[in-house]
Amino acid sequence: MLYTAYELQRSWLNAASTWASVGAQLLSNPALPFGYSGLGPAMGSALEVFAHASAPYGKPAFDIETVTVDGVIQPVTEAIVLHRPWCNLLHFSHPGLAADAPRLLIVAPMSGHFATLLRGTVERMTERAHVYVTDWADAKMVPLSAGEFDLDDYIDCLIGFLEHIGEGAHVLAVCQPSVPALAATAIMADTKHPCRPLTLTMMGGPIDTREAPTSVNDLAMQRPIEWFRHTVIATVPLQYPGAGRQVYPGFLQLAGFMSMNLGNHMQSHYHMFKHLVAGADEDADATKDFYEEYRAICDLNAAYYLQTVEEVFQKHSLPNGTFMHRGKQVDLGKIKDTAILAVEGERDDISGIGQTRSALTLATGLSASRKKYHLAPEVGHYGIFNGSKWRDRIAPILEDWIAAHGKARLKAVA
């Protein structure tokens, strides 16, 4: 009934959003005299804010058409190079890339938003690397015939993608996928898999959530796993291809994230209203663009979500050395030659300071020269991988790390 109630509410809001949009256009029409009064622009702007806030948002496109490299504009090509029911592997490139340009697998979070949340990350790294991106599927769009999907499947998926990319690849995991990416690296290191990554960069990842726990971590610890199973898991309605599938709905996750910083979100919309009234359309459009991406949500398969909550946030299996994959214990000490970079944001309210850095301590078999930690000052969770601070301060550190360790193992083998 939870999902059905949401669909009914969404249908009502869709209609209300449409009418509000019509009203905003009428009040801003220069042919109507009411728009020139003091009240007209204010009413029109208020209706436009409501219309934007209540409109439905589907899966966005990356829309990365060009990148500028050394002052030269290069056309970007986006292609699906591998298709699986739960994830497409996308490849971004441009004709100006050098023959020996690094190949980077960016592992997008499977946490309620689409991979396009990393548009800024992909765009920046495509300048000098062949970029591959995990484009996770919306669980409500995956039919039951495709089977279940859990953390074991997630790890297998990453290993399969690295095999497809080939030897000498690099991995960048943003937030949630830091755990499965680190586990996959350890598994591949244990078997000396030739396609194990040369470098692994983790940004704002919950490796050990006991370090500087945030409100997200506190919620996971305060409730037993059965509470999550009976409270936030719903069944996909009949109108979707994944009808009957058990999921953690994206709208619940979005509501949780919005409530964490409700005051900031209200302020953002108030500023958007003021910009519209003042005619500062560019400033208003910047806020609109952010929320169009932020409100584009997808469902998570219940098995994956519940296993993540239990293993990562409640049992702390990876730092405790009890994390299992297909019945075998994952030993982070097996990582010997994958250089690890841990990046955290000083103002991150999702993954606290120290949670990602703990990976460097857990990788006991890795020499100090292959470990690096960077704390980005005055940067929140989103700013680690998007925005000017990411482009100008953090991305160069990642590029230098890849360049420094990109060919060491390959030369040793040769």
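## Surface patches

Surface patches are built from residues with over 30% relative accessible area and no salt bridge, like charges being joined within 9 Å and nonpolar side chains (Val, Leu, Ile, Met, Phe, Trp, Tyr) within 5 Å. This is a predicted model, in which local features need pLDDT of at least 70 and side-chain atom pairs count only at pLDDT 80 or more, while totals for chains, interfaces and linings use all residues. Residues are numbered from 1 along each chain as its sequence is written, and side-chain values use heavy atoms, with hydrogens and water left out.

A negative patch comprises D281, E282, D283, D285, D289 and E292; Asp and Glu count as negative, Lys and Arg as positive, and His and the chain ends are not counted. Each charge is placed at CG of Asp, CD of Glu, NZ of Lys or CZ of Arg. E292 belongs to helix α10 (residues 281-294), where helices (H or I, at least four residues) and strands (E, at least two) are DSSP runs numbered from the N terminus. With a relative accessible area of 33%, E292 is partly exposed, a class lying between buried (under 20%) and exposed (over 50%), with a 1.4 Å probe and protein chains only.

A nonpolar patch consists of W19, V22, L26 and L32, which together have about 420 Å² of accessible area (Shrake-Rupley method, 1.4 Å probe; for residues, only the protein chains shown count as cover). L32 lies in the loop between α1 (2-27) and α2 (39-54) and is partly exposed at 36% relative accessibility.

## Strand pairing

Strands β3 (residues 77-84) and β4 (residues 87-93) pair in the antiparallel sense over seven bridges; pairing requires at least two bridges found by DSSP. Two residues separate β3 and β4 in this hairpin, and T77 stands opposite S93 in β4.

## Salt bridges

There are 13 salt bridges, each defined by a side-chain nitrogen of Lys or Arg within 4 Å of a carboxyl oxygen of Asp or Glu. One of them joins D135 and K59, with an N to O distance of 2.9 Å. D135 lies in strand β6 (residues 130-136) and K59 in the loop between α2 and β1 (66-69), so the pair ties together parts 76 residues apart in sequence. D135 is buried at 10% relative accessible area, whereas K59 is partly exposed at 46%.

R124 and E399 also form a salt bridge, their closest N and O atoms being 2.8 Å apart. This pair links helix α3 (residues 119-125), which holds R124, to helix α14 (residues 388-405), which holds E399, 275 residues apart. Both R124 and E399 are buried.
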